[in-house]
Amino acid sequence: MSPRAGSAGPHTLAFVESPVQLLNVLEWAHAHAHSATAPSAVAEPVSGAGSSGVTDPVSGAGSSGIADPVSGAGLTLVVLSPNDPMTRGQLRRMAELARDEGHQVRWEEARGGTTAPFHTIGGLAPLLRRARRIVMGDPFSRYVQLLLTITRARDLVVVDDGTATMEFVAQLARGERLVRWHRRGGRPGARDVIFAPVSASARRRLTPSNRRTVEVFSSMPIDSAPDGVRVTANDFSWTRARFGPPRITKSADLVGTSLVETGVVDPDRYLEAVRALAKTHGATRYFAHRRESTDKLHRLAAETGLEIVRPDLPLELIARRGPIGRTILSFPSTVVHTLPLALVGTDVRVAVCDIDPSWLTENASPRAQGFLSGVTGTARDVHRLSSVAAV
């Protein structure tokens, strides 16, 4: 094991579905290792092919060719791979970094066909039953909620999945069902009704008791944590130790968002806002969100003249490696909370532009405006732009 990784404990099993979740698992492991007093041990080597015959695209190991989290010395990280090519690419790069840190990576083609979930859950069940600590990046994920019904772990850790973490903690405190903020207000679909008992079980397991501890490891502002939930601050110390400081350019960079793709913001109004921000602040590059559609990005490039950049790593790492603009412009999103932490000690300024209510689509959740305003209003160490018209 790398001396940087320390030991996350021989019984720790982590589940991630996005690059940001994986980054925050690495940050949690780094923070945990530096707060622990136990000496690090050497991890078991990864070898052999899995019973499913699926090859890990990162390490070349089979899906069950990873050391058991009980017998290994550190963290075993399970990637529940999505189908989206951009997300998969970033996950592969992040998985390489995890292996460099001495952690073990198990790549699961969790969505590779109708039978894939059954194979994935069946293969993970023995590990879940033996694990004493579960680290997860998305408690709203149906996959993760289903896996939680299998585990007997006494310690549960939720790491950031962006601003959704704020909503998760608030819903847990209110005893509400776990629903992503941009879906609230709509009628539950047939799948929601069928899955409701599993979701309710997951919520109960994520509630602290005398048999179970719950930690939220977050860089988000959390003010309403339920009794017994331990909130630990993520200050991106691993990112700052591993990368940078960056070279800073004289221009501005603009950070994209997937609010159009999730049906919250009208595409035409979004394009107008991007054009106005770029012109006012002299932005030259647009860092695309991994979920932004190709057609939308082509239109942005054609109508704004911005260079579209598809990052191969989460933006916190891209910015820390550099080069990065002296000003980073963003709409309400996770990065208005995380970039100031990752770039502490540099001269980079993060500026956030509010979402005007007129930009919202008819199908946007009734809570959308309030939630997005809260994301902006609670951000620390950022310059707030009230609206595009005012910049």
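**Helix H2 and its surroundings**

Me: At what angle do H1 and H2 pack, and how far apart are their axes?
Reply: In this predicted model, the angle between H1 and H2 is about 15°, and their axes are 9 Å apart. Because angles under 35 degrees count as roughly parallel, H1 is roughly parallel to H2.

Me: Which residues make the contact?
Reply: H1 contributes Pro19, Leu22, Leu23 and Leu26, while H2 contributes Thr87, Gln90, Leu91, Met94, Ala95, Leu97 and Ala98. Of the residues in this contact of H1 with H2, 9 are nonpolar, 2 are polar and none is charged.

Me: What else do the buried residues of H2 pack against?
Reply: Besides helix H1, they pack against strands E2 and E3 and helices H7 and H10. Arg88 is one of the buried residues of H2.

Me: Why does the length of H2 agree with what a helix should span?
Reply: At 1.5 Å a residue, the 16 residues of H2 should span 22 Å, and the end C-alpha atoms are 23 Å apart, which agrees.

Me: New topic: where are the cis peptide bonds?
Reply: One joins Gly244 and Pro245, with omega about 5°; Pro245 lies in the loop between H7 and strand E8. Another joins Gly322 and Pro323, with omega about -5°, and Pro323 is in the loop between H10 and strand E11.

Me: And what is the phi of Phe236?
Reply: Phe236 has a positive phi of about 60°, although it is not a glycine. Most residues other than glycine have a negative phi.

Me: Is Phe236 buried or exposed?
Reply: Phe236 counts as buried, because its relative accessibility is 1% and buried means under 20%. Phe236 is located in the loop between strand E7 and H7.

How values were computed:
Residues numbered from 1 in each chain as written. Predicted model: local features only at pLDDT ≥ 70, side-chain atom pairs only at ≥ 80, totals over all residues. Heavy atoms only, no water. Helix = DSSP H or I, 4+ residues; strand = E, 2+ residues; numbered from the N terminus. Expected span 1.5 Å × (residues − 1). Buried < 20%, exposed > 50% of the residue type's maximum accessible area, 1.4 Å probe, protein only. Contact = heavy atoms within 4.5 Å. Axes fitted to C-alpha atoms, helices over the stretch in contact; angles between N-to-C directions. Parallel < 35°, antiparallel > 145°, perpendicular 65-115°, else oblique. Nonpolar A, V, L, I, M, F, W, Y, C, P; charged D, E, K, R; others polar.
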